[in-house]
Amino acid sequence: MKSNNKWRYGVVLWASAVVCTAACAGTTALAAAPAAQDSSSASGNALGDASARRGLLTNGAADEPQAPGNGSDASNGSNGSNGSNGSITELQQMIRDGKVIEMRTTYNGSYGASMLFYPDQMTYYIALFQQKKFWRVIKTQTDTRAEAVYAEFAKNTAQLADSEIRREKLQAENAFADRLIALQQNRANRLQADVDVARAQQSQVVDRQAQQQAAIATLRAQQDAAQAELRALQTKVQDLQRQADGDLTLAPQ
């Protein structure tokens with residue numbers, strides 16, 4: 001009887017130690033996570049003010065159709081995948097049920113990595129995704145393993161998004177160049193219009209000047225003709241005047 005009581009007492013002590021250890025580990029993980037979150041986070045949500053826009057728990061990722069995969073990490077103290085559906089489907093369901101806490105999230109382009117925590121079982125889910133679609137999900141109860149996998153996934157997002165980011169930059173540069181070309185073309189068109197107007201006006205001025213010179217030449221010719229006619233008339237008048245005066249002088253007495 002005493003032996004049974006000792007055995008029961010030992011079991012109780014062992015269970016209490018396990019519970020205490022798990023609680024301490026959970027407290028340590030939750031306390032350490034916010035301190036090492038991405039710079040975009042100022043609270044428990046790793047995305048801070050952008051959570052409503054991009055957070056895994058709010059952007060409908062759990063409702064997106066996913067490619068099948070298990071992605072579980074049973075060798076590190078996990079509970080294994082959820083039957084044949086895998087950890088991806090399991091995590092989707094837990095997100096829909098509101099059972100997990102988003103602890104860290106990194107975005108590079110359309111790729112992202114998140115570490116989520118299920119406090120009821122002290123389990124971490126580390127997800128690699130593109131846009132709203134999960135790609136890989138690793139499940140573990142070891143916080144150091146979770147941190148290592150998250151760091152690797154975050155590194156992967158930077159590598160995967162490199163070509164995407166370069167493409168976006170090139171697209172932006174090309175679009176900027178197109179806008180500059182359009183601006184320069186518009187300026188060239190305006191300048192060309194100004195040149196065309198100036199040339200047309202200049203042609204009109206040249207024609208008008210030619211007309212004016214022709215008119216001046218005509219007027220000068222007319223003036224010369226008038227002056228010649230006037231001089232001829234003046235000479236004739238003088239001759240007639242002399243004749244008239246001479247006739248009066250020679251009249252009979």
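Mentor: Before we start: buried means under 20% relative accessible area, exposed means over 50%, and partly exposed is anything in between (1.4 Å probe, protein chains only). This is a predicted model, so local features need pLDDT of at least 70, side-chain atom pairs count only at pLDDT 80 or more, and totals for chains, interfaces and linings use all residues. Residues are numbered from 1 along each chain as its sequence is written, and side-chain values use heavy atoms, with hydrogens and water left out.

Trainee: OK, α3 then. How many of the 11 residues of this helix are buried?

Mentor: Helices here are DSSP runs of H or I with at least four residues, strands are E runs of at least two, and both are numbered from the N terminus. Helix α3 covers residues 86–96, and its buried residues include G86, I88, L91 and I95. The helix is largely enclosed by the rest of the structure, because the buried count is eight.

Trainee: Which strands do the buried residues of α3 pack against?

Mentor: Packing is judged by contact, meaning heavy atoms within 4.5 Å. Among the residues involved are E90, Q92 and M94, which are buried in α3. Their partners are β2 (111–118), β3 (123–130) and β4 (133–140).

Trainee: Now the rings. Which residues form one aromatic cluster?

Mentor: Phe, Tyr and Trp rings (the six-membered one for Trp) pair if their centres lie within 6.5 Å; planes under 30 degrees apart are stacked, over 60 edge-to-face, the rest tilted. The count comes to three aromatic pairs. Y107 and F129 have ring centres 5.7 Å apart and planes at 75°, so they sit edge-to-face. F129 and F134 are edge-to-face as well, at 6.3 Å and 90°, and the cluster is Y107, F129 and F134.

Trainee: How many residues apart in sequence are the parts that Y107 and F129 tie together?

Mentor: The planes of this edge-to-face pair meet at 75°. Y107 belongs to strand β1 (residues 101–108) and F129 to strand β3, so the pair joins parts whose separation in sequence is 22 residues.

Trainee: On to charges. Which residue forms a salt bridge with K139?

Mentor: A salt bridge needs a side-chain nitrogen of Lys or Arg within 4 Å of a carboxyl oxygen of Asp or Glu, and the count is five. Here the closest N and O atoms are 2.8 Å apart, and the partner of K139 is E90.

Trainee: Where in the chain do K139 and E90 lie?

Mentor: Both K139 and E90 are buried. With 2.8 Å between the closest N and O atoms of K139 and E90, the bridge links distant parts of the chain, 49 residues apart: K139 is in strand β4 and E90 in helix α3.

Trainee: Which helix holds both R166 and D162?

Mentor: Their side chains meet in a salt bridge at 3.0 Å, N to O. R166 is partly exposed at 46%, and D162 is partly exposed at 39%. They lie four residues apart, about one turn, in helix α4.

Trainee: Last one: is D239 buried or partly exposed?

Mentor: D239 bridges to R242 at 2.1 Å, N to O, and the two are three residues apart in helix α4, so about one helical turn separates them. R242 is exposed at 51%. D239 has 28% relative accessibility, so it counts as partly exposed.
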